[in-house]
Amino acid sequence: MTLLQRLPSALFVVALTSGLWSGSTLAQEVNSIQARLNELIPGAPEAMIKPTPIAGLYQVTIDTKVVYMSENGQYLVSGSIIDLETRENLTELAGNIARKKALSQLDNSEMLIYPAKGKALRSITVFTDIDCPYCQKLHKEIPALNAAGIEVRYLAYPRAGVGSESFHKTVSVWCSKDQALAMDQAMTGKAISAKQCDNPVASHLALGQVFEVNGTPNIILDSGERIPGYAPAAELIQVLTPKTANK
């Protein structure tokens, strides 16, 4: 079996080479790629376009999605670029930067936040579904995370979609006077009073598309790193606050 056969098929793996661009050429190629994107995705937000270490290939970031395009805008490559010298996944690093920026633009007042006990050292943002068993499991571990100085910020992601029973339960939580108490009850299967108000649940679902959420829980660290699925509190604490965890 060859090296390429042993590598995951979803990865676009290359040994990086350096490329040089003049200022005028760079601007022209970026403009060409943006024009092509405007044709392909009318009304899409302006992309962040920058050259990669591979001559003729550009990194294109739209929201938190990272892809690659040729300098003339004809070819698009979807996958990961790995630097074989450093073993770094350059695509994932770029995604972390994009997700961190997107996190900074969220409105805290629209999230359900479980604050850290004492000084907040780190935070995680979690797309959660009240009826998801692993979301319920993670929810039980919030006290341990808070005690370790980790703030937990919830975004609503009822996977069944707008108008579903999960959606209406989630709206009731966000419309409750004591949101945290209502969420605690809902996560343990207790009935909560149906409520209606102006709420961000539908917009959170749309945000899930921006953050490429495919399931719940979907955990995003404050560094922009993504954990697509459940992770025990002990592991999260070890990753986020290793010095504290090792005491």
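Helices α4 and α7 are oblique to each other, because angles under 35 degrees count as roughly parallel, over 145 as roughly antiparallel, 65 to 115 as roughly perpendicular and the rest as oblique. Helix α4 covers residues 133-140 and helix α7 residues 179-187, and they pack at an angle of about 130° with their axes 10 Å apart. Here axes are lines fitted to C-alpha atoms, for helices over the stretch in contact, and angles run from 0 to 180 degrees between N-to-C directions. Helices (DSSP runs of H or I, at least four residues) and strands (runs of E, at least two) are numbered from the N terminus. Where the two helices meet, C135, Q136 and H139 in α4 touch M183, D184 and M187 in α7, contact meaning heavy atoms within 4.5 Å. By class, this contact has 3 nonpolar, 2 polar and 1 charged residues; Ala, Val, Leu, Ile, Met, Phe, Trp, Tyr, Cys and Pro count as nonpolar, Asp, Glu, Lys and Arg as charged, and the others, Gly among them, as polar.

A word on what you are looking at: this is a predicted model, in which local features need pLDDT of at least 70 and side-chain atom pairs count only at pLDDT 80 or more, while totals for chains, interfaces and linings use all residues. Residues are numbered from 1 along each chain as its sequence is written, and side-chain values use heavy atoms, with hydrogens and water left out.

Now find helix α6 (residues 165-174), which packs against α8 at an angle of about 115°, their axes 10 Å apart. From α6 come F167, T170, V171 and W174, and from α8 come V201, A202, H204 and L205. This contact has 6 nonpolar, 2 polar and no charged residues.

The biggest share comes from α3, with 7 residues. The lining divides into 18 nonpolar, 5 polar and 5 charged residues.

Finally, visit two loops. Most residues other than glycine have a negative phi, and most peptide bonds are trans. R87, in the loop between β5 (82-83) and β6 (88-89), has a positive phi near 65°. P217, in the loop between α8 and β10 (218-221), is joined to T216 by a cis peptide bond, with omega about -10°.
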